Amino acid sequence: IEKPLSAYWQKINFLKKNSTNLFCGFNHSISPSILYIFAMIKKKKIGKIHYVKINWKEDFRLVLKAHPWVKSMKNSYLSDIEKGGGALHEYSHALHLGLCLKNILFQKKNTEMSKKIIFKRVGNYRYDSKSIIKLKYKNIVIEININSITNPPKKNLTIYGDKGRIYWERNMEKSQENTSLLKNKKTIKKNFLISRPLDFINQLKF
């Protein structure tokens, strides 16, 4: 199933009645680089984590460029949140990555959430162009920044602990996802080969 599983207003109760295993296409929960980071967190490589910042910023014009038969935002679902458009739907990878980290860091604990969402209009349609979402439990904060107006794209993740820092970025120009572990004034770097076909192959293998 392609991401997202549904638009924000759709009910998905029917899935509870379905015994078939379903996978929604979020490659950043199963990609080798992210699984590597999850493992470092679980091994407490940077000690107690207190802050996570996710940036997922990419101009919608780049999406339109990849689909040349779509002439403008007016002709695209991107401009209509009712059709699954807008930044939170299109770049739901970031929100999903934040929820995966929440499940590792504070699981099902009562979580405070705050949000700031900026909307735009194109003709009769409305969509969110920028969102900042914060999830908090005790002294741990996960901040998710998503927008549809940044070019070149910025897709990165920084995790701050009391003994170090983990950094991840997706670099399509070099066909890599890069990770860095900064601890005791030393930096351990590890790079992972990526491509759009590999994203989908990983999903199929999963």
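A polar contact is a pair of N or O atoms within 3.5 Å; within protein, one atom must be able to donate a hydrogen and the other to accept it. Keep that cut-off in mind for the opening stop of this tour, which runs through a predicted model.

**Stop 1: Asp-80**

Select Asp-80, in the loop that joins helix 2 (60–66) to helix 3 (87–90). Show its side chain together with the backbone of Glu-82: the side chain of Asp-80 reaches the backbone nitrogen of Glu-82 at 3.0 Å. Asp-80 counts as buried because its relative accessibility is 9%, and buried means under 20%.

Apart from neighbours within four places in sequence, Asp-80 is in contact with Gly-85, Tyr-125, Arg-126 and Tyr-127. Take Arg-126 from that list and draw a distance between C-alpha atoms: Asp-80 and Arg-126 are 46 residues apart along the chain, yet the separation is 5.3 Å.

**Stop 2: Arg-126 and Phe-119**

Stay on Arg-126 and show Phe-119 as well. The charged end of Arg-126 sits over the ring of Phe-119, at 4.3 Å from the ring centre.

**Stop 3: helix 1**

Select residues 32–42, which make up helix 1. Colour Ser-33, Ile-34, Ile-37, Phe-38, Met-40 and Ile-41, which are buried. These residues lie on the same side of helix 1, because they cover an arc of only 160° around the axis. To see what they pack against, show strand 1 (49–57), helix 4 (92–105), strand 5 (154–161), strand 6 (164–171), strand 7 (176–183) and strand 8 (186–193).

Zoom in on Ser-33, which is located in helix 1. Is Ser-33 buried or exposed? Its relative accessibility is 0%, so Ser-33 counts as buried. Beyond neighbours within four places in sequence, Ser-33 has contacts with Trp-168, Glu-177, Thr-179 and Phe-192.

Then move past the end of the helix to Lys-44, which follows helix 1 and has a positive phi, near 60°.

**Stop 4: aromatic pairs**

How many aromatic pairs does a search of the whole structure find? The search finds 6. One of them is formed by Tyr-36 and Phe-192, a tilted pair with 5.7 Å centre to centre and 50° between the planes. Tyr-36 belongs to helix 1 and Phe-192 to strand 8, so this pair ties together parts that are 156 residues apart in sequence. Tyr-36 is partly exposed, with a relative accessible area of 22%, whereas Phe-192 is buried at 13%.

Next select Phe-60 and Tyr-91, another tilted pair, with 5.6 Å between centres and 40° between planes. Phe-60 lies in helix 2 and Tyr-91 in the loop between helix 3 and helix 4, so the pair ties together parts 31 residues apart in sequence. Both Phe-60 and Tyr-91 are buried.

**Stop 5: helix 4**

Finish with helix 4. Its 14 residues should span 20 Å at 1.5 Å a residue, and the end C-alpha atoms are 20 Å apart, which agrees. Colour its buried residues: Ser-92, His-93, Ala-94, Leu-97, Gly-98, Cys-100, Leu-101, Lys-102 and Leu-105. They pack against helix 1, strand 1, helix 3, strand 3 (125–137), strand 4 (140–147) and strand 5. Just after helix 4, select Gln-107, where phi is positive at about 45°.

Technical notes: Residues are numbered from 1 along each chain as its sequence is written. This is a predicted model: local features need pLDDT of at least 70, side-chain atom pairs count only at pLDDT 80 or more; totals for chains, interfaces and linings use all residues. Side-chain values use heavy atoms; hydrogens and water are left out. Helices (H or I, at least four residues) and strands (E, at least two) are DSSP runs, numbered from the N terminus. Buried means under 20% relative accessible area, exposed over 50%, partly exposed in between (1.4 Å probe, protein chains only). Contact means heavy atoms within 4.5 Å. The arc is that of the directions from the helix axis to the C-beta atoms. Rings of Phe, Tyr and Trp (its six-membered ring) pair if their centres lie within 6.5 Å; planes under 30 degrees apart count as stacked, over 60 as edge-to-face and the rest as tilted. A charge sits over a ring if NZ of Lys or CZ of Arg is within 6 Å of the ring centre and within 35 degrees of the ring normal. The expected span of a helix is 1.5 Å times one less than its number of residues.
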